[in-house]
Structures are given as structure tokens and as C-alpha cells.
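Subject: Structure for you, with notes

Hello,

Here is the structure I promised to pass on. Please open it next to this email and follow along as you read.

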Amino acid sequence: MSEVVRREEEALRFWQERDIFKKTLAKKSPRGEFVFYEGPPTANGLPGIHHLESRAFKDAVPRFRTMQGYHVRRKAGWDTHGIPVELEVEKKLGFKSKKDIESYGVAKFNEKCKESVLQYIDEWKKFTNRIAFWVDHDDTYFTFDNNYIESVWNVLKTAHARKLLYKDYKVVPWCPRCGTALSSHEVALGYDEAKDPSVYVKFKLKGVDEYLLAWTTTPWTLPGNVALAVGADVVYVQVRTREGTVWIAKNRLAAIAPTAEVLEETSGSKLALKEYEPLFPFLANSLPSTEKEKLQNAYKVYPADFVSTEDGTGIVHTAVMYGADDFELGTKVGLPKQHLVGEDGRFLPAAGTLAGKFVKDADKEIIVDLEQRRLLFKKGTVEHTYPFCWRCKSPLLYFARDSWYIAMSRIKNELIRENETIHWEPAHIREGRFGEWLRDIKDWAISRSRYWGTPLPIWECAKCKAFDVVGSLAELRQKAGRVPNDIHRPYVDELSFACACGGTMRRIPEVLDVWFDSGAMPFAQDHYPFDFAQGKPFENQELMYPADYICEAIDQTRGWFYTLHAVGGIMDRGKAFKNVISLGHVLDAKGKKMSKSLGNIVEPNAMIEKYGADALRFFMYTVNAPGDSKNFDERIVDEIVKKNLSRLGNVLAFYKLYADPAGNPSGSNGAGGTPRSDKSAHVLDRWILARLDELMRESTEGYETYKLDAAVRPIALFIDDLSTWYLRRSRDRIKAAPAASAVEGLVTLRHVLHTLSRVMAPSTPFFAEHLFQAVKEEGDEESVHLAEWPEAKAKGFLARLFGEKDVILDEMAKAREIVSEALEARDAAKLKVRQPLASLTVPASSKLAQEYLDIIADEVNVKRVLFGENLSLDTNVTPELREEGIVRDTIRLVQDARKAARMKAGEHGSVSIEVLQENRSIVEQHLAAIETQTNTKISLQ
């Protein structure tokens with residue numbers, strides 16, 4: 001076990017033994033409530049590295065706000081319903097279809113789903129605890145609980161009361177594998193690249209040897225063709241080709257038949273109502289009597305607004321049951337409506353030789369048939385973006401059927417207006433990805449033809465078709481006489497009650513879109529409105545709404561982020577969240593999406609065991625902006641450990657070594673040691689205090705603007721300054737304790753480390769605790785996570801303390817720049833730094849005070865710093881300077897030998913060193929002084 005992992009596990013034990021998390025929830029919160037919503041994960045799979053990203057970002061802001069004096073409830077939640085759970089169980093049971101489920105038994109199947117969704121909860125809890133994501137598992141909601149479902153029913157009752165709930169027969173995105181419809185935001189989650197056939201089909205006009213040319217990438221819809229659509233104002237031409245005389249949009253001619261002879265030109269409006277011969281007989285032969293009379297309107301040309309000439313032929317093949325625009329046109333002009341394809345995506349018996357074939361598999365047979373009948377003008381393959389089921393990855397079909405909807409289009413303007421007041425990180429998502437989605441909002445198809453989900457609380461009368469929405473279990477008990485212990489299917493399906501018409505009200509079989517469950521969590525997690533007791537109206541209670549902060553990955557823009565916003569609109573409560581971070585995805589080191597097939601999955605637990613959770617969290621915050629995709633590179637994580645955590649650990653080790661010259665233990669409880677202070681007059685102490693103040697200011701602003709990269713990156717820069725400049729420049733001074741200047745350095749360093757531990761607490765909670773415990777004093781809080789967030793001092797505080805202008809950061813930056821240029825000059829002259837030189841001349845325009853000049857002189861190893869016009873280094877090495885350089889080299893040799901022998905600071909020892917013969921006399925001359933300075937007995941070889 002590495003030192004980092006050992007230290008983190010010690011912190012975990014400390015937090016658990018002292019119940020620190022619960023104490024952060026119970027401590028005083030003078031600034032009131034800061035509301036955080038936990039987006040509920042589904043626990044039927046193990047957590048991945050992307051979950052570490054989102055949980056790190058979720059955790060940091062509540063920690064920061066808690067330290068600022070807010071109360072931040074961290075209620076845990078689990079998303080337990082949905083088809084992904086069903087698919088997992090189907091796979092385990094070897095099921096292939098919904099028929100298998102019903103043969104097995106819905107009750108038993110749903111019980112298996114419940115078991116599956118809880119399967120990995122313990123692993124999720126361990127993972128969550130190990131990365132220090134503090135979320136309250138003693139206060140948890142499950143979306144399958146009756147109380148949660150009852151609150152969701154209340155939301156649907158509200159939608160019904162606002163006349164937003166309706167049933168309609170129209171084309172919906174349909175997954176033939178899952179056997180259910182998808183909502184528009186679910187469709188948006190599943191787009192991917194696909195190769196499909198591209199065919200140009202000839203439709204023969206009646207009575208003449210002419211054809212209308214149409215294009216499609218879904219040949220399987222051609223047997224269902226009932227009409228062709230044209231643009232009324234589009235110019236069409238009749239052309240002679242080797243495949244016959246065809247009609248086509250004029251501006252598509254060059255792309256499709258550039259050498260064809262133009263015979264005639266006309267407008268789309270004049271092509272309208274021309275009749276053509278059906279491609280296939282299946283539809284007309286299978287129509288029920290109620291639809292046969294509509295055949296008189298079929299197989300004609302109709303003008304339509306949706307016709308485009310950007311691709312295709314400008315003539316659109318229309319299959320009423322398999323396209324939204326097609327269905328709308330068919331309803332408008334009275335076209336017959338009849339399915340040739342079943343809900344499983346296979347052709348029905350009425351489709352003749354195609355019967356039983358899956359539609360995508362039938363494409364080739366349909367193309368061959370058209371080719372043999374000389375009705376195929378041209379064929380090929382097209383690569384385009386196509387919607388797939390986000391759950392099972394099956395290609396979606398557009399399929400006409402009954403579904404239940406919420407009329408989001410009616411509250412669209414309200415949702416857009418509320419979005420304008422939300423702070424998005426990145427900012428462009430508000431008007432971009434999210435704003436565009438809202439501006440093109442579709443009514444929400446909420447019904448799913450499945451089993452494991454919130455049952456839709458809609459009871460419908462078979463006799464009069466009236467429906468009733470039940471909004472609570474009490475209402476259901478009143479109407480049906482009882483309520484089962486479990487209100488899932490099939491138990492709730494058994495309940496019925498009388499309709500006013502004399503018929504019987506029975507529950508519709510569908511369940512609710514699982515995203516509605518997730519979006520309802522602000523209300524359902526607290527069993528709204530049923531747990532707001534004392535008979536007071538809900539408005540007088542304190543529902544935690546809206547959230548001050550939420551965070552998930554960018555794919556949730558059209559997932560949880562949207563459904564939260566939508567349910568808030570349905571409930572007429574305004575926006576559901578005030579601030580949101582939309583995270584970029586975690587990719588592999590080469591920028592590729594992680595997948596098992598590519599073998600590039602990163603196991604988070606393995607990374608935690610190697611580098612610790614702090615380093616992984618630090619990587620997620622700092623590698624780039626929150627909204628950018630993150631290429632996970634293990635080498636960067638390793639650098640974070642070495643350049644930040646290990647380096648800061650070395651600073652702490654130095655402090656602990658010299659903290660108490662009297663020998664009192666400073667120890668892990670931090671009780672001993674020199675008390676901290678920020679009142680030193682030494683220039684280096686004043687500078688590091690100013691840098692600390694700058695860090696506090698930058699970090700606070702980063703957290704408050706939800707730019708966590710801006711909040712955490714300055715920590716790395718500060719650690720570098722603290723280690724490589726402040727401590728290196730102060731090391732000899734502090735070693736000289738109990739001298740006054742040494743004490744000033746120690747009290748300042750303790751103050752800096754104590755404050756730094758608090759600044760680091762939200763981002764690297766483990767190391768922050770380790771650091772805090774090492775430097776805290778009597779009277780300090782029990783844990784860094786119970787401490788207050790450090791407030792930056794007002795600008796000008798140094799002037800009030802030391803009577804100087806608050807320009808120390810600028811002055812030290814000038815000094816460091818001069819040092820850098822002077823060292824470059826040394827390097828060019830091939831003079832090592834341990835060789836003293838007579839002088840360095842710096843530009844008089846720098847106007848640096850003597851305390852800065854002293855630092856420059858020591859860093860560059862010159863006797864004097866002079867003012868002049870330009871920077872110049874006196875590279876003349878006198879015999880006296882050479883002698884001093886040899887002594888310095890010898891001291892370095894001794895120190896290196898002590899280090900190799902693992903001698904501790906202050907420990908007397910003896911070493912043997914080898915010196916050059918030409919330097920021996922000088923070393924012997926100064927040997928006593930060297931031995932005194934190094935506390936070492938030296939023998940020369």
C-alpha cells in the first residue's frame with residue numbers, strides 16, 4: 001500500500017469514528033440553506049471512471065458552501081425503474097421478447113428487476129465513500145418506493161388539472177426490441193452513424209408512360225406507400241433518361257441525371273392530384289372496411305410544406321404509418337391508415353412474401369423486387385446519423401400508435417423564460433444545446449409499453465372512453481376500495497372502479513417514462529405534498545426547491561437536466577435549479593470513447609489504489625474546463641501526486657521537524673509547536689501571506705462562479721511557490737531557531753499550512769485533513785471539514801500592517817524575473833551557482849528595495865547588487881571568490897553524503913569525502929568551519 005493510500009484510509013477511519021460527515025450536517029449554518037440535488041444513479045452496474053468525475057464535481061461545491069456557513073443537505077437517491085433494468089434481467093433469464101416476460105409472469109419478473117437494481121448498491125456505496133463523496137445514505141430515496149410513486153402520481157394529476165395530459169394516435173419513435181415508444185429527449189440520447197440503402201424509385205403515372213421519381217433510405221416503408229408529396233412552388237421537369245421518362249425537381253437534376261434531356265417544365269401545384277399506380281398491393285388488400293373508403297384518396301400527388309430540394313428528388317414518398325410528416329399529411333387529406341408492420345418490427349401476414357421478416361432485413365428483398373420490375377432508377381448506400389435506442393442500441397422505427405403525452409409545447413415559453421435565469425457552466429449551453437432544445441420542444445410522450453416502472457395512474461372506461469387520473473393512494477383507496485402493498489404491475493392492474501356512464505374504469509397497461517421519475521425527484525424525494533403535515537397548505541412549508549446547484553455530464557442536457565426543468569414547468573414552480581455544471585465526457589488518453597470492445601476502459605478502483613482519490617479528483621478539476629471532454633492520462637495523475645501532494649508533504653515534513661525548538665511534540669493532533677501567526681515583518685513571510693490571500697480570493701471566486709478549474713488550479717501554483725521559492729529561500733532562516741527571524745518563519749508557515757488545508761478541503765479532502773491535523777492548535781475544529789472557509793483580506797492589508805504599498809506580489813515577481821535572467825547569464829558563462837561572483841547590475845528602473853536586492857544577491861550568489869541601465873553579471877572569478885566556491889562545493893558534498901547515509905537534521909555524524917588534489921589545501925584550511933556548519937566529522941580521501 002502506497003503512503004498516499006495509507007494516508008487516505010486513515011482519514012476515512014477518522015471521519016467514520018468521529019462521525020464527521022453527520023457533524024457537518026448538524027453544525028450551525030448562519031447563512032441558511034444551500035440546496036443540492038443528487039442526480040440518482042442506477043445501481044445495476046459497477047461505477048466507472050466517469051462516475052468519479054461527476055461525483056467529484058458534485059462533492060466539492062457542497063463542501064465549499066458548508067464551510068462558508070450554509071447547511072447543505074446531501075440526500076442520496078437511486079434511480080431504480082426503466083427498460084435498462086428490464087433488459088438486464090431479460091438477458092440473465094434468456095428472454096428474447098415481451099412474450100417471454102408475460103409467460104414467466106409480470107410479478108416474478110418485476111421482483112427480479114428490483115433485485116437487479118439493488119445488486120451493486122454496496123459497491124456503489126464503497127466507491128462513493130472511498131472517493132470522499134459525502135452523500136447521506138441514511139436519508140435515501142428510491143424511485144420504486146410507494147411514497148415516491150405517489151408523489152409522481154401527484155405531478156401527473158397536476159398536469160391533468162392544467163389540461164396538459166392527453167392521448168393521441170400519431171407516429172412515435174419506436175424501439176422494436178424493447179417494444180415501446182421513446183420521448184424526443186430519449187431519441188436525442190441515441191443518435192449514431194449508420195449505413196443505409198439509398199434508392200431512387202419510379203412511381204408510374206396512370207395512363208401514361210411517365211414516372212414520378214422519389215428517394216428513400218428506408219425501403220421497408222415502400223410497401224406502405226399511399227401518396228407522394230411535392231412542393232407547391234417547386235419547379236419540376238420531365239426528363240428522358242435510359243430508365244424512362246421521369247419527373248424530378250429541376251434543381252436536383254444535375255445531381256441525379258445530369259445528362260438527361262429536359263422535355264417539359266411545370267410547378268408542383270400542377271403535379272398535384274395526379275394519380276399513380278401502387279408499388280405493392282399489400283395495403284389495399286388488407287384494409288378494414290372503415291378504411292377502404294379512403295382508398296379513393298390514395299396513390300395521388302399532394303402538395304406539402306415539408307418537401308425539401310436540398311437532397312433527394314424533390315418528390316417525397318409518403319407512408320402514413322411510418323413518418324410524422326406522412327401521418328400529418330395523411331390525416332389532413334384522408335389517406336387510409338393501416339399497419340403492415342407489427343410492434344416487433346416484423347412484417348405482418350398481410351405483407352405476403354415479406355411476412356415475418358424484420359423490416360431492416362427486408363430492405364434487400366424489396367430492392368431486388370423493384371429492380372426486377374424495372375421500378376428502380378438508381379441504388380447505393382448512404383452514411384448518415386440515425387436514431388438508435390439509447391437502452392438496447394436497436395435502430396428506431398417511426399411507428400403510428402396510441403400514446404399518452406404531456407403538452408410541453410403549451411408551456412414552452414415559460415420554460416424558455418426560466419432558462420434565461422439559470423447560470424450554466426459552460427455558459428454557451430444555456431442558449432446553445434439546452435436553449436435550442438427548448439425552442440424546438442416537442443410534446444412529451446410519457447407512456448411506455450413495459451412492466452418495471454411507475455404505473456401510469458390513468459383509469460379508462462372501455463364503454464365511453466372517459467379517463468380519470470388518480471393523484472394519490474388515498475384517492476385510489478376511496479375509488480377502488482383498497483390499495484395493494486406494492487403498487488407496481490401487476491397488482492395495481494387488478495384495481496377497477498365504476499364509471500359515471502355505468503361502465504368500468506380499468507387502469508391502462510402502460511408505465512411511465514423513467515426520465516419522468518428522475519425529473520420529479522425535487523418533489524418525490526420528500527413525498528410531496530403528502531408529508532407536509534399539520535393540515536397546512538403546501539405553500540407554507542419549506543420544500544427544498546429550486547436547487548442552488550446540480551451537476552451531471554453533458555448528455556444529461558437532454559436527459560435529467562431537461563426533465564427536471566420540464567417537471568418544474570408542469571408543476572408551475574419555475575426553474576428546478578439555479579446553477580448547473582454540465583461536464584464533458586471522460587475519454588481515454590488518445591481522446592477515444594471508452595468501451596470494452598476497444599479495451600480502453602479505466603477501472604477507477606485500480607487508479608484509486610495506485611494514486612489515491614485526491615489525485616484523481618484534482619485531475620478532474622484541473623485538466624481543463626468543466627465542460628470540456630477529459631482525456632484520462634495516467635501520467636498526468638502521477639505528476640499531480642509528485643508535483644502537488646508529495647511536494648506539499650515535504651513542506652509539512654520540514655515544518656514538523658523544526659516546529660518546536662524546545663522539543664515539544666507537534667504530533668498528529670497539532671497541539672504542540674509554535675503558534676501560528678500572520679504578523680511577520682520578514683519580506684518572504686509577507687510575500688507568502690500575500691500569495692495566500694491571492695489564492696483564497698481566486699479559489700473563492702472560482703467556486704462561487706462554478707468554474708472549478710479556476711477554483712483549484714491556483715492551489716498547484718501556490719504549492720509550487722510555497723515549496724520552490726518561499727521554503728527554499730526560508731530554509732536556512734528557519735533552521736536557525738530559536739532566533740527571532742526563524743520563529744517568524746515558523747509561525748508564518750504554520751498559518752499558511754493551516755489556511756491552505758481549508759482551501760484544499762473541497763477539492764482534496766483527504767490531504768486537507770492530513771495537513772489540518774498536523775498544524776491545528778488547541779481550540780481548532782475537530783476536522784478541517786468542520787472549519788470555516790478562509791476569507792481573503794481586503795486589498796491593502798499589507799499597507800495597514802507594514803506601512804507599505806500593497807505591491808509585494810509585483811515586487812517579488814520582478815525580483816524572481818531578475819534572478820531567472822541572471823541565472824541564464826551564469827549558465828551561458830558556464831559558472832555554477834555555488835561559485836560566488838562579485839556583482840550583478842540590475843536596471844535602476846526596477847526600483848527594488850534592499851530586502852529584494854538581498855534575495856537576488858543570495859539566489860544569484862553575488863556579493864553585491866548594483867543599479868545600472870541594463871542587467872549584467874560580473875563573471876570575473878578572483879582567487880578569493882574561487883576559494884569561497886570550493887568551500888561551498890565541499891559543504892554540498894558533505895550534505896549529499898549525510899543524505900545518502902540517511903542522517904537526520906541536527907544529528908551529529910561522520911563522513912568520508914573525496915576532493916580534488918588542487919582543492920585539498922583550501923578545504924583543509926576551512927575544514928573546521930565546514931565541520932561546524934554541517935555538524936559532521938569529515939575525513940578527506
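Below are my notes on what was found in it.

A word on the basis of the notes. This is a predicted model, in which local features need pLDDT of at least 70 and side-chain atom pairs count only at pLDDT 80 or more, while totals for chains, interfaces and linings use all residues. Residues are numbered from 1 along each chain as its sequence is written, and side-chain values use heavy atoms, with hydrogens and water left out. Helices (H or I, at least four residues) and strands (E, at least two) are DSSP runs, numbered from the N terminus.

Which side chain does the side chain of D59 meet in a polar contact? The partner is R617, at 2.7 Å. A polar contact here is a pair of N or O atoms within 3.5 Å; within protein, one must be able to donate a hydrogen and the other to accept it, and residues adjacent in sequence count only if both atoms are side-chain atoms. Beyond four places in sequence, the residues in contact with D59 are R74, A132, F133, W134, R617 and P762 (contact means heavy atoms within 4.5 Å).

**Helices α24 and α29**

R617 turns up again where helix α24 meets helix α29: A613, D614 and R617 of α24 touch P765, F766 and F767 of α29. Helix α24 (residues 613–622) and helix α29 (residues 765–775) have axes 7 Å apart and pack at an angle of about 120 degrees. Axes are lines fitted to C-alpha atoms, for helices over the stretch in contact, and angles run from 0 to 180 degrees between N-to-C directions. With that angle, α24 is oblique to α29; angles under 35 degrees count as roughly parallel, over 145 as roughly antiparallel, 65 to 115 as roughly perpendicular and the rest as oblique.

Helix α29 is largely enclosed by the rest of the structure, because 10 of its 11 residues are buried. Among them are F766, F767, L771 and F772. The buried residues of α29 pack against α1 (3–18), α3, α7 (121–130), α24, α25 (634–658) and α28 (740–760).

**Aromatic rings**

How many aromatic pairs does the structure hold? There are 42. Rings of Phe, Tyr and Trp (its six-membered ring) pair if their centres lie within 6.5 Å; planes under 30 degrees apart count as stacked, over 60 as edge-to-face and the rest as tilted.

Take W153 and W459: their planes stand at 85 degrees and their centres are 6.4 Å apart, so this pair is edge-to-face. It links distant parts of the chain, with W153 in helix α8 (residues 146–161) and W459 in strand β18 (residues 458–461), 306 residues apart. W153 and W459 are both buried.

W390 and W515 make a tilted pair, with 55 degrees between the planes and 5.6 Å from centre to centre. Here W390 sits in the loop between β13 (376–387) and β14 (397–406), while W515 belongs to helix α20 (residues 514–519), 125 residues apart. These two tryptophans are buried as well.

One aromatic cluster is formed by W424, F434, W560, F561 and F577.

Two charges sit over rings (NZ of Lys or CZ of Arg within 6 Å of the ring centre and within 35 degrees of the ring normal). R373 lies over the face of F280 at 5.0 Å from the ring centre, and K378 over the face of Y200 at 5.5 Å.

**Backbone details**

Most residues other than glycine have a negative phi, and most peptide bonds are trans. The bond from E425 to P426 is cis, with omega near 5 degrees, and P426 lies in the loop between β15 (423–425) and α17 (428–431). Another cis peptide bond joins Y528 and P529, with omega about -5 degrees.

H527 is not a glycine, yet has a positive phi of about 55 degrees. Is H527 buried or exposed? H527 is buried, at a relative accessible area of 9%. R902 also has a positive phi, about 60 degrees, but R902 is exposed, with a relative accessible area of 76%.

Happy browsing!

Key
Buried < 20%, exposed > 50% of the residue type's maximum accessible area, 1.4 Å probe, protein only.
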